[in-house]
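Subject: Structure handover

Hello,

Here is the structure I promised to pass on. Please open it next to this message and follow along.

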Amino acid sequence: MGDKHLIELKNVSKTFDTTEALKNINLYIRDGEFLTLLGPSGCGKTTLLRLLAGFEMPTEGRIFMDGADMTDMPPHRRRLNTVFQRYALFEHLNVFDNVAFGLKIKKLDKDEIKQRVGSMLELVGLKGYDKRTASQLSGGQQQRVAIARALVNEPGVLLLDEPLGALDLQLRKDMQIELKKIRQRLGITFVFVTHDQEEALTMSDTIVVMKDGEIQQIGTPVDIYNEPKNAFVADFIGESNILGGTMLKDYSVRFSGRTFECLDAGFGENADVDVVVRPEDIKVVEPENGMIAGVVKSVLFMGVHYELLVDTGEFTYQVHTTAKYSEGQQVGFVILPDDIHIMRPSEP
Amino acid sequence: MKRSYFALPYTVWMAILIFAPMLLILFYAFTDESAAGGVVFTLTNIIEAFDPLFTGVLLRSVWLAFVATAICLLLGYPVAYMLARSKSKNVTSLLVLFILPMWMNFLLRTYAWLVLLDNNGLLNSLFALLGLDKVQLLYNQNAVVLGMVYNFLPFMVLPIHSVLVKIDKYQIEAAEDLGADSLTVFRKVIFPLSVPGVITGIMMVFVPAITTFAISRLLGGSQFMLFGDLIENQFIFVQNWHFGSALSLIMLVLVLVSLALTNKFDKAEDGGRLW
């Protein structure tokens, strides 16, 4: 992954009739990176991808690729290829002709087409499926064809619009690993759209969290998870306890009726803040040893851990623990300074 | 009670309305009345039907139906395409406007053309107004083809339109994405995907065109006979049901063969077809 900015979006906005799908987006995509656009449905992530592909034109702003303005360039002239959400394989063509579509348009030599399609089908694990039609393939296989059809053109960027959304859990996990492998082998820049935060965390170099047509945060998966910029990001990426608190002074925050030590500074004195504590960062101890205490309201077995809801009087905490507790039990919490995330309160 | 019993009324219906008449045609075509007043098996009707006099009419019918179908396709496809791709909210009303004439009686619609094309009709009056000579518009092949195209065009537009609107827009985008300009998208994706509609349209125009008799009689005049007129004549005026049936049988075989041929071109296995 280089530092070169392969794609740059400057002040890009998109309005459909009266709805603002994207509001003043500024973003660059580095050469060779795996960038994920993450957000709930309706956040504008797919619109952003369609702007990159050229299916939609921005209402305002410019889009650059390799330094050249490509805002007004029609899709067929862009050096990007798309893997569609529902694959969009050509029903009237078999697997080979689907994958060869782009190469045939470029009027490449027949033998070269044959060779490149063959090796691409081998890469996605569909060797020998040349003559099948889309309707004869499973969802996972169709997805592979769609990926092969895009990649065979050796695009500068591969755009993927929730490509794994229609697959079942196991297949999705397998495809995630495979996509990562394919990317490592080809070194192509991926722009990936998903609403699945886990998928985003496991696959990306960079995550762009979006909400209501605006970018909330850009960062590495670790940054986004550990240092969410606001309550929305904290809530969307993983599970969170978000509660109101007061920053008494630097490195000291008061919430849940108690003052905690923390690592944050620069909020001023007695400032209202949002406090975020991840459920897995709360250590459950005997009530007398805890910083705060509460009553277990419910216990859910989640496989690896138990999920407890603990009522401390003014707030119900979500807590993940590997030890079993029973409903009605008194427990105490320990929250370390490192695990307290302070952010400016979100607008009401 | 088994579920298949529910299909019983349908089966009875089919038997009465389709199989019985066909069996009757078969029966009449291969029989004749003997001098004694009985019925005898014979091949004379069939053999007689292949007389050049009649095959000439048949060939003319096939040719005119072919021309009318081709014109319907050339006119109908662009119309269906524009209706399908139009983003205007008036598309439905445009479509209704297109179907509207179909709700009128077929003969009435065709009579309307008489008024338009007559030697003293609307068009010729217009020509006169412009100082042009009168043109013989009626009672020739062109008038018959015009009548066919006019009457059967909706049957070409509708199936093509219904297939075109169902085309997945993402497949079109995928083609653009893979480097196809709009002409290539049409050539390599839209048209191939619309072929089932085209096939249906061709069948729905060609079959009624080849069997028509009213259009040729009204617009082509009595001297301009098509195979449909020939059959009608045998039943109504000559009252030779045996020969009429033989001619009908030939027509039936011809239609079935053309259906089988068009079906062979239609490779699509599912979806898109009207039936």
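One definition before the findings: two strands pair if DSSP finds at least two bridges between them. Keep in mind, too, that this is a predicted model.

Start with the hairpin in chain A. Strand β12 (residues 252-255) of chain A runs antiparallel to β13(A), and four bridges join the two. Within this pair, A:Arg254 stands opposite A:Thr259 in β13(A). Two residues separate β12(A) and β13(A) in the hairpin. One residue of the turn, A:Ser256, has a positive phi of about 50°.

Now the sheet around the hairpin. Five strands of chain A make up an open sheet, in the order β13-β12-β11-β14-β20. Their pairing is antiparallel. Which strands stand at the edges? They are β13 (258-261) and β20 (341-343) of chain A. Each has a single partner strand, so one side of each is left without a neighbour in the sheet. From one strand to the next, the twist averages 40°.

Further into the order, look at β11 (residues 241-249) and β14 (residues 271-277) of chain A. Seven bridges pair them in the antiparallel sense. Here A:Ile242 stands opposite A:Val276 in β14(A).

Next, the domains of chain A. Domain 1 covers 5-231 and domain 2 covers 239-343. How far apart do the C-alpha centres of the two domains lie? The distance is 39 Å. Five residues of domain 1 of chain A are in contact with five residues of domain 2 of chain A. On the domain 1 side, two of the residues are nonpolar, one is polar and two are charged.

Then there is the contact between the chains. Chain B contributes 15 residues and chain A contributes 17 residues. On the chain B side, the elements that give two or more residues are α8 (169-177) and α9 (182-211). α8(B) gives the most to that side, with six residues. By class, the chain B side has seven nonpolar, three polar and five charged residues.

α8(B) and α9(B) also pack on each other. Their axes come within 10 Å and cross at roughly 140°. That angle makes α8(B) oblique to α9(B), in a right-handed crossing. From α8(B), the contact uses B:Gln171, B:Ile172, B:Ala175 and B:Glu176. From α9(B), it uses B:Val185, B:Lys188, B:Val189 and B:Ile190. Five of these contact residues are nonpolar, one is polar and two are charged.

α9(B) has another helix to look at: α3 (residues 52-85) of chain B. The axes of α3(B) and α9(B) come within 9 Å and cross at roughly 145°. This crossing is right-handed. Among the residues that make the contact are B:Ser61, B:Ala65, B:Thr69 and B:Leu73 of α3(B). Those on α9(B) include B:Val198, B:Ile202, B:Val205 and B:Phe206. Which classes do the residues of this contact fall into? Eleven are nonpolar, four are polar and none is charged.

- The hairpin of β12(A) and β13(A), with A:Ser256 in the turn.
- The open sheet of five strands in chain A.
- Domain 1 and domain 2 of chain A.
- α8 and α9 of chain B, on the side that touches chain A.
- The right-handed crossing of α3(B) and α9(B).

Best wishes

Terms used
Residues numbered from 1 in each chain as written. Chains lettered and ligands numbered in written order. Predicted model: local features only at pLDDT ≥ 70, side-chain atom pairs only at ≥ 80, totals over all residues. Contact = placed C-beta atoms within 7 Å. Nonpolar A, V, L, I, M, F, W, Y, C, P; charged D, E, K, R; others polar. Axes fitted to C-alpha atoms, helices over the stretch in contact; angles between N-to-C directions. Left-handed = near helix turned anticlockwise from the far one by under 90°. Domains from an automatic or database assignment. Parallel < 35°, antiparallel > 145°, perpendicular 65-115°, else oblique.
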